[in-house]
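User: I'm new to this one. Could you take me through the disulfide and the nonpolar packing, step by step?

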Amino acid sequence: MAAIIGGVVFLVVVLVATLVLIGKELESGYPRGQFSLTVPRTLLDGRFMLEEDDSLTEGPALQRIWRHSWDAEDVHGIAAVYRPASVEKGDLAVTGMYGRFKNTEEVRSRVLADNASKNSQVKVLTPPEDDTPSGSRIKISCEALTRTWTDGRTLTYPVCVWADGNTWARVADMTLIASRNLDLKATARSTLQIRSEMMQPIT
């Protein structure tokens with residue numbers, strides 16, 4: 001009996017030690033949290049004005065989705081809609097998170113694939129393309145989508161995503177200018193600028 005009890009205790013100790021080691025190994029893959037994402041009043045040097053900040057409602061929903069992801073820790077969600085300051089119409093929608101992320105290539109792919117909507121149907125017009133704008137080491141993934149709403153309206157527009165160790169965001173440029181000129185490389189450069197305007201160091 002003593003031998004059986006001792007064997008069981010030994011197995012439990014080994015199991016706990018193994019789980020601790022696995023946890024430390026998983027934890028070691030995450031970078032330090034050094035940056036957060038903000039929702040500034042303007043983007044792209046004032047060309048877009050903040051129309052609506054949905055971070056308080058959509059942010060927690062994003063956090064619930066990503067909280068149990070193997071690629072994310074300490075996550076906080078943001079969501080905002082911007083409008084052109086000029087006479088052009090349409091929305092610039094930014095959805096993102098800050099925290100600690102690893103496997104950023106997979107994170108970008110996951111975010112790009114999340115185009116579902118209850119009120120519309122989305123088709124990929126141009127498959128995702130990776131671009132690293134000149135002067136940067138940040139890789140941006142962009143694609144062109146066509147969205148059809150239930151009332152028959154359609155819109156073709158570019159979507160770009162970045163993902164680094166502390167932040168990721170999906171930028172959907174649904175303005176008339178973007179719809180007429182589907183230049184994914186130009187959109188990638190704009191997305192990189194949006195990243196620089198939204199990121200803030202954590203003090």
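Analyst: Let's start with the disulfide and then move on to the nonpolar cores. A quick note before that: this is a predicted model, where local features need pLDDT of at least 70, side-chain atom pairs count only at pLDDT 80 or more, and totals for chains, interfaces and linings use all residues. Residues are numbered from 1 along each chain as its sequence is written, and side-chain values use heavy atoms, with hydrogens and water left out.

The structure has 1 disulfide (a pair of cysteine sulfur atoms within 2.5 Å). Its partners are Cys142 and Cys160, with 2.0 Å from S to S. They sit 18 residues apart, Cys142 in strand E7 (residues 140-149) and Cys160 in strand E8 (residues 154-163); strands (E, at least two residues) and helices (H or I, at least four) are DSSP runs numbered from the N terminus. The torsion about the S-S bond is about 110°, so this disulfide is right-handed. Cys142 counts as buried because its relative accessibility is 2%, and Cys160 does too, at 0%. Buried means under 20% relative accessible area, exposed over 50%, partly exposed in between, using a 1.4 Å probe and protein chains only.

Now the packing. A nonpolar core is a set of buried Ala, Val, Leu, Ile, Met, Phe, Trp, Tyr and Cys residues joined through side-chain atoms within 4.5 Å. The largest has 22 residues, and Ile140 and Trp162 are among those with the most contacts inside it. Helix H5 (184-198) is one of the elements giving two or more residues, and H5 gives the most, with 5. A second, separate core of 19 residues includes Val75, Leu155, Tyr157 and Trp168.
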